[in-house]
Amino acid sequence: AVATKVSPVEKETPIEKLKSELLSVTSSNEWDEKAGFDINENESTVSITVVGASGDLAKKKIFPALFALYYEGCLPKHFTVYGYARSKMTDAELRNMVSKTLTCRIDKRENCGEKMEEFLKRCFYHSGQYDSEENFAQLDKKLKEHEGVVSDADLLSMIIFQSDVLGGKVSNRLFYLSIPPNIFIDAVKCASSSASSGNGWTRVIVEKPFGRDSDSSAALTKALKQYLTEDQIFRIDHYLGKELVENLSVLRFSNLIFEPLWSRQYIRNVQLIFSEDFGTEGRGGYFDHYGIIRDIMQNHLLQILALFAMETPVSLDAEDIRNEKVKVLRSMRPLQLEDVVIGQYKSHSKGGVTYPAYTDDKTVPKDSLTPTFAAAALFIDNARWDGVPFLMKAGKALHNKRAEIRVQFRHVPGNLYNRNFGTDLDQATNELVIRVQPDEAIYLKINNKVPGLGMRLDCSNLNLHYAARYSKEIPDAYERLLLDAIEGERRLFIRSDELDAAWSLFTSVLAELEEKKIMPEYYPYGSRGPVGAHYLAARYNVRWGDLGLDQSA
């Protein structure tokens, strides 16, 4: 009988198994097969995780913007979109939900259905709690599967035994926090500790509101910086991604006719106007905690003001632009109570239809004093803008939907044609209007002779109407900002010191409004807002520009 030597059966650990496999590799081709990637293809992957994927913002804005970027060929070759929320949902259910909100560009209809299918195949879902490191670790595992990234143990073995042929994709990760601010920190902590990229960048987009005042904003920033560096935090203000706002610096710095006029010498006042023709529409519970000043003025309108009023930056680099914006904000006087008018819309019947009051919203307390309208006069104490009133106006349930910047120039000294305008010289004022939305346009109001034998003057518009001039559809603001975040471009995102400077202007007046329980002036739903806004403007010898009948309106 021949004795057979029997080796004891031992369970081989993954590290030992990989070690034996790596040592048996004799050619680079075999290495490619074992490792599962081509060492010559060091391409990066981008995993975009929408945290709060079942919410309205994700459905209406974020997923459609991601699809638009994919449709335009702007996303990297290797990308994955993951939805993360507490709701139980399958990949198929997420895709069905997302598909209902996707649209193709008006000017690029071809292969639309095919593109949608390709995009949806890249969309996946993971259900989990926002404060669970275990759930985020499970997400991390799924992300690695799609990224083609091996585990840490495998990676260590590859480095030890075959480092000269180690290759593969760099995995980059972007987290979009589309969740209430009270759970930001929990989500950031879990994502940072359990789902960060091991070999690429990790970035987090944070939606407003960034606190309610200086203290809460500083606390939020401090908490975020426990887990992220400033370069990883992308504070989004979607108004900075709008085409006409982005065009502000181009209009000013690349046109010789504007830059010399951009100062107190020629500009009488600047107006930043935001109006919506609908109320809170069921969002009253959220809105009542913040109000129109925090929701619109302290961020959207103030950011536009800073871009408008800043000095020429050293370059178009993000830090150079943000440095100039911070200088403007730090030069501004903190807002005083006497320079603020607040209002709240009341019920109104028109054409047989009754429109509800703000406090008719079931999610709003009946005795709420939260303003749905505000007007304010702000001043920049520097050499360029000393004495020029910057008037802001923002409101809900007004007569139209509009966002615009109106620059009213000074009267012509010794105007030869004053008698042709009568006593109201404001009719003869040149005005530059930048309409951000809707129906984007830039127009300049000038005085002109009406054709004929007499000398009759009228006010006409030199009009750049975007829809007439450009056939291409204007991208949504979220598309620009998401693309910038993926590319690491920060100029349209808000830096922490910029945020501190912005809150310092509004914190004291907000506290005073709440402590003194200042009553808002009521205005009918669908009206032009409270009368007090006109008195505020008149105090600084200003007439609101949106009250006239513009030919371009």
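Before selecting anything, bear in mind that this is a predicted model, and that a search of the whole structure finds 24 aromatic pairs.

Begin by selecting Tyr70 and Phe119, which form a tilted aromatic pair with 5.9 Å from centre to centre and 40 degrees between the planes. If you then colour the helices, you will find Tyr70 in helix H3 (residues 56-71) and Phe119 in helix H5 (residues 112-121), so that the pair links distant parts of the chain, 49 residues apart. Are these two residues, Tyr70 and Phe119, buried or exposed? Tyr70 is buried, and Phe119 is buried as well.

Next, select Tyr345 and Tyr523, whose ring centres are 6.5 Å apart and whose planes stand at 65 degrees, over the 60 degrees that count as edge-to-face. Because Tyr345 belongs to strand E8 (residues 340-346) and Tyr523 to strand E17 (residues 521-524), this pair ties together parts that are 178 residues apart in sequence. Both tyrosines, Tyr345 and Tyr523, are buried.

For the last stops, turn to charged groups and rings. Select Trp201 together with Arg203, and you will see the charged end of Arg203 over the ring of Trp201, at 3.8 Å from the centre of that ring. Then move to Trp544 and Lys393, where the charged end of Lys393 sits over the ring of Trp544, 4.4 Å from the ring's centre.

Definitions and conventions:
Residues numbered from 1 in each chain as written. Predicted model: local features only at pLDDT ≥ 70, side-chain atom pairs only at ≥ 80, totals over all residues. Heavy atoms only, no water. Phe/Tyr/Trp six-rings, centres within 6.5 Å; stacked < 30°, edge-to-face > 60°. Helix = DSSP H or I, 4+ residues; strand = E, 2+ residues; numbered from the N terminus. Buried < 20%, exposed > 50% of the residue type's maximum accessible area, 1.4 Å probe, protein only. Lys NZ or Arg CZ within 6 Å of the ring centre and 35° of its normal.
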